[in-house]
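Look over the sequence and the fold below.

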Amino acid sequence: MTKAISIRDLCRTFETPAGPVSALSHISLDVEKGAFVTLLGASGAGKSTLLRCLNGLVSPSSGSVFVGGLSVAVPEELKTIREKTGMIFQQYNLVRRLSVLQNVLCGRLAHCGTISSVLRFFPEQDVALARHCLERVGLADKADSRADRLSGGQQQRVGIARALAQQPEIILADEPVSSLDPRSARHVLQILRTINEQDGITVIVSLHNMQLAKEFGTRVLGMKDGALVFDSTMEAIDRDMLHALYGEVPDEQ
Ligand SMILES: Nc1ncnc2c1ncn2[C@@H]1O[C@H](COP(=O)(O)OP(=O)(O)OP(=O)(O)O)[C@@H](O)[C@H]1O
Ligand SMILES: [Mg+2]
């Protein structure tokens, strides 16, 4: 069966005034369809770069990246990968002055063309789908509110609804809860888990908070200095492994 993600010997180097920086170093990795994977690692470990390589926002210096059996290096295949990949961001990336519903409809852009086509001429079935996605994240009653009137946790749930409206096979979430209080963070992660379990959507989420990773991660990838240093179940992670990631093991939050 095709893997959700298959990465072989992926390297990415950035040229900087101070010299080349190796952001990803010889990463090989397979993720099964329907998995819920958390990425852990200190600042600069390469988590965002790895996630960006999965949807072509960053191109590999060498090695291969396949998503759903398609290569990010082939432009037509990358287009399909982007249609099938929902992105969730730390700062939500909503269009602040648009309504919640219009933001969720932006998730249809990958399928429907330009933003004006979505906002002016959106088909009835897309509106119904967007409303359904808002129901699933518990925000049906906020459909007509301006996006920037919502709390951070609510805005991130709109971000999830927007990703869902795309009807993705994979959701990539780069530190989706780092700006949220613990209660809102758990709520957002619980919604991602439910989507993963009910819809079989593969979810890759980078997290800073290890306690949350313990609660929600099923498979945990540890990154340090651009390399994958462990690939484990959360139960099997011990202090030595965390020490390898962070130097000192941070206090549980
Ligand atoms: N566009 C870029 N140009 C130059 N260097 C970059 C660029 N993007 C990332 N890097 C470098 O690559 C390394 C990995 O960065 P990355 O953002 O992937 O780490 P991260 O694990 O997401 O960190 P954080 O937890 O702070 O978000 C860092 O040393 C970073 O400075
Ligand atoms: Mg990052």
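Tyr 92 sits in the loop that joins strand 6 to helix 3. Helices (H or I, at least four residues) and strands (E, at least two) are DSSP runs, numbered from the N terminus. This is a predicted model: local features need pLDDT of at least 70, side-chain atom pairs count only at pLDDT 80 or more, and totals for chains, interfaces and linings use all residues. Residues are numbered from 1 along each chain as its sequence is written, chains are lettered from A and ligands numbered from 1 in the order in which they are written, and side-chain values use heavy atoms, with hydrogens and water left out.

Tyr 92 has a phi near 70°, a positive value in a residue other than glycine. Most residues other than glycine have a negative phi. Is Tyr 92 buried or exposed? Its relative accessibility is 9%, so Tyr 92 counts as buried. Buried means under 20% relative accessible area, exposed over 50%, and partly exposed in between (1.4 Å probe, protein chains only).

Asp 225 also has a positive phi, of about 50°. Asp 225 lies in the loop between strand 9 (219-224) and strand 10 (227-233). At 57% relative accessibility, Asp 225 counts as exposed.

Now turn to helix 7, residues 152-165. Its 14 residues reach 20 Å from first C-alpha to last, close to the 20 Å expected at 1.5 Å a residue. That expected span is 1.5 Å times one less than the number of residues. Of the 14 residues, 12 are buried, so helix 7 is largely enclosed by the rest of the structure. Among them are Arg 157, Ile 160 and Leu 164. What do the buried residues of helix 7 pack against? Their partners are strand 6 (85-88), helix 3 (100-105), helix 6 (124-136), strand 7 (170-174) and helix 8 (182-199). Contact here means heavy atoms within 4.5 Å. Just after helix 7, Gln 167 takes a positive phi of about 50°.

A polar side-chain atom of Ser 43 lies 2.5 Å from an oxygen atom of ligand 1. For Lys 47, the distance from a polar side-chain atom to a ligand 1 oxygen is 2.7 Å. Taken alone, ligand 1 exposes 640 Å², and the protein buries 63% of that. These areas come from the Shrake-Rupley method with a 1.4 Å probe.

Notes
Polar contact = N/O pair within 3.5 Å; in protein donor to acceptor, adjacent residues only side chain to side chain.
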